[in-house]
Amino acid sequence: MAAGYAWFLVLGSVLLCNLVKTLLPTISSFLSKVFQKDAEQEMEMRIEIQGMKQELSSISMMDEFARYARLERKINKMTDKLKTHVKSRTAQQAKIKWVVNIVYYVLQAALMISLIWKYYADPVTVLPSKWIAPLERLVAFPSGVPGGVGITTWLVVCNKVVAIVLQAVG
């Protein structure tokens, strides 16, 4: 490897990708809040329903049946409207989460493919052949340099190590 820093570049890229992956739910949640302004309206509807339920509890069903029934229908109508809002918001949140995940995986794949493309012929590092004797060709893929560690093997190793470390930390 001419520059000698490919191992660090790959490790840093893998670490960055895994850190961003742990932040995906936060990113999705933030984007949902940015794109959805219905949360305030839902809160107002909940408060209004709560107020109507308190008013309903103060009305005698026997003495003021018509008023009681009207208020009960109004509560049911508002509750149905609230449920519709919540379903709509939940569906939109699922779409946003899906889009964020797709964008992340596409960008991650593009990064990994570009690293493989750039360092295809060069080993990330060269080790003594005895250390990797039975798997030397597999480890050297795609560079084919004896004792070399190819970019694909290094990506796999870095991904596994970073995932284990992040799981132990988190």
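Let us begin with Gly144, which counts as exposed at 57% relative accessibility, because the cut-off for that word is over 50%. Please keep in mind that what we are viewing is a predicted model. Gly144 sits in the loop that runs between helix H4, residues 136-140, and strand E2, residues 148-149.

Thr153 belongs to helix H5. Is Thr153 buried or exposed? Its relative accessible area is 19%, and since buried means under 20%, Thr153 is classed as buried. If we set aside the neighbours within four places in sequence, the contacts of Thr153 are Leu138, Val139 and Phe141.

Thr79 has a relative accessible area of 22%, so the residue is called partly exposed, a class that lies between the 20% and 50% limits. In sequence, Thr79 and Ile49 are 30 residues apart, yet their C-alpha atoms are 7.2 Å apart in space.

Now to the packing of helices. Two packed helices are described by the angle between their axes and by the distance between those axes. For H3 and helix H5, residues 151-169, the angle is about 145 degrees and the axes are 9 Å apart. On the H3 side of this contact we find Met112, Leu115 and Ile116, and on the H5 side Ile151, Thr152 and Leu155. Sorted by class, the contact of H3 with H5 comprises five nonpolar residues, one polar residue and no charged residues.

My next topic is empty space. Rolling a probe the size of a water molecule over the atoms shows where such space is left. In this model, the largest pocket holds about 150 Å³. Two elements each give two or more residues to its lining, namely helix H1, residues 6-35, and helix H3, residues 65-118. Which element gives the most to that lining? The answer is H3, with six residues. Among the lining residues of the largest pocket are Leu16, Cys17, Val103, Tyr104 and Gln108. By class, the lining has nine nonpolar residues, one polar residue and no charged residues.

Finally, let us set the model beside the database record. An unreviewed UniProt entry places the feature "transmembrane region" at residues 6-24, 98-120 and 140-166. In the model, residues 6-24 are 100% helix and 0% strand, and the end C-alpha atoms of this span lie 27 Å apart. Residues 140-166 are 63% helix and 7% strand, with 27 Å between the end C-alpha atoms.

The unreviewed entry in UniProt also carries the annotation "coiled-coil region" for residues 61-88. How much of that stretch is helix in the model? Residues 61-88 are 86% helix and 0% strand, and their end C-alpha atoms are 35 Å apart. Thank you for your attention.

How values were computed
Residues numbered from 1 in each chain as written. Predicted model: local features only at pLDDT ≥ 70, side-chain atom pairs only at ≥ 80, totals over all residues. Heavy atoms only, no water. 1 Å grid on protein atoms, 1.4 Å probe; cavity = no way out; pocket = protein on both sides within 12 Å on 5 of 7 lines; lining within 4 Å. Points joined across faces, edges and corners; volume = space filled by probe spheres on them. Helix = DSSP H or I, 4+ residues; strand = E, 2+ residues; numbered from the N terminus. Nonpolar A, V, L, I, M, F, W, Y, C, P; charged D, E, K, R; others polar. UniProt positions renumbered as here; feature names shortened; annotations may be inferred. Buried < 20%, exposed > 50% of the residue type's maximum accessible area, 1.4 Å probe, protein only. Axes fitted to C-alpha atoms, helices over the stretch in contact; angles between N-to-C directions. Contact = heavy atoms within 4.5 Å.
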